[in-house]
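Subject: Handover of a structure

Dear colleague,

Please find below the structure that I am passing on to you.

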Amino acid sequence: MDAFIRFTNQTQGRDRLFRATQYTCMLLRYLLEPKAGKKKVVMKLKKLESSVSTGRKSNLNRVIYFICDTILWVRSVGLTSGINKEKWRTRAAHHYCFSLLLSLVRDLYEISLQMKRVTRDRAKKEKSASQDSLGYSVADEETEWLQSFLLLLFRSLKQHPPLLLDTVKNLCDILNPLDQLGIYKSNPGIIGLGGLVSSIAGMITVAYPQMKLKTR
């Protein structure tokens, strides 16, 4: 209980909790909509999702996206009517998508560095264990390169949990703007599940700061 209180006392902690609730509502709404007799529950989930989303407006991390999203919020609550909702929604999605793409590029760069370290360390171990490399075959490398690459990727991410967490979070986050921009269409279920996974990953980094990826 003390850990939960410390977590919710942090601004980022509350934001991650609200975000997880928001995407859980989206996922549940998608699963219940096709079922008969669930109309009232779906409407309640939709209202809760909207309320939680409103509560997150002052906690968004990306400034430009925050501005666009706040303008949309002003329009949605009826404070003004002279705002093109679709135009600002698209603009917000563009900035959010660009921000996430930059984060993924950083993740890929960090992954490549980690893979090089793992390869170098493994080569040193194999060299110290045996100097005999006669059994090596170029044909073997050509037929098993994908398996070797995936194994190397797995080992690299396993040795660097913060990098794995950050990569998964950004991959899940980008589903929403890609769908809004029509680049890669998803459904509310997939977006809700991705948002929930991303929120859980974010909550882990708040609860355990050592799991947050250190930027160079």
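The chain has an average pLDDT of 78, and 70% of its residues score at least 70. Please note that this is a predicted model. Confidence reaches its highest mean, 94, in helix α8 (residues 161–173), and its lowest, 48, in helix α6 (residues 138–143). Over residues 132–140 the pLDDT stays under 50, and the model has one contact beyond four places in sequence for this stretch. Where pLDDT is low, the predicted coordinates should not be read in detail.

I turn next to helix α10. This helix comprises 20 residues, 188–207. At 1.5 Å a residue it should span 28 Å, and because its end C-alpha atoms are 28 Å apart, the model agrees with that expectation. At the start of α10, the backbone nitrogen of Gly 189 has a side-chain oxygen of Asn 187 within 2.9 Å. Gly 189 is itself buried, and other buried residues of α10 include Ile 191, Gly 192, Gly 194, Gly 195, Leu 196 and Ser 198.

The structure also holds one cavity of 30 Å³ or more. The largest cavity has a volume of about 40 Å³. Its lining consists of Arg 19, Tyr 23, Tyr 96, Cys 172, Asp 173, Asn 176, Ile 191, Gly 194 and Gly 195. The elements that contribute two or more residues to this lining are α2 (11–32), α8 and α10. Which element gives the largest share of the lining? That element is α10, with three residues.

With kind regards

Key:
Residues numbered from 1 in each chain as written. Predicted model: local features only at pLDDT ≥ 70, side-chain atom pairs only at ≥ 80, totals over all residues. Heavy atoms only, no water. Helix = DSSP H or I, 4+ residues; strand = E, 2+ residues; numbered from the N terminus. Expected span 1.5 Å × (residues − 1). Buried < 20%, exposed > 50% of the residue type's maximum accessible area, 1.4 Å probe, protein only. Polar contact = N/O pair within 3.5 Å; in protein donor to acceptor, adjacent residues only side chain to side chain. pLDDT = per-residue confidence, 0-100. Contact = heavy atoms within 4.5 Å. 1 Å grid on protein atoms, 1.4 Å probe; cavity = no way out; pocket = protein on both sides within 12 Å on 5 of 7 lines; lining within 4 Å. Points joined across faces, edges and corners; volume = space filled by probe spheres on them.
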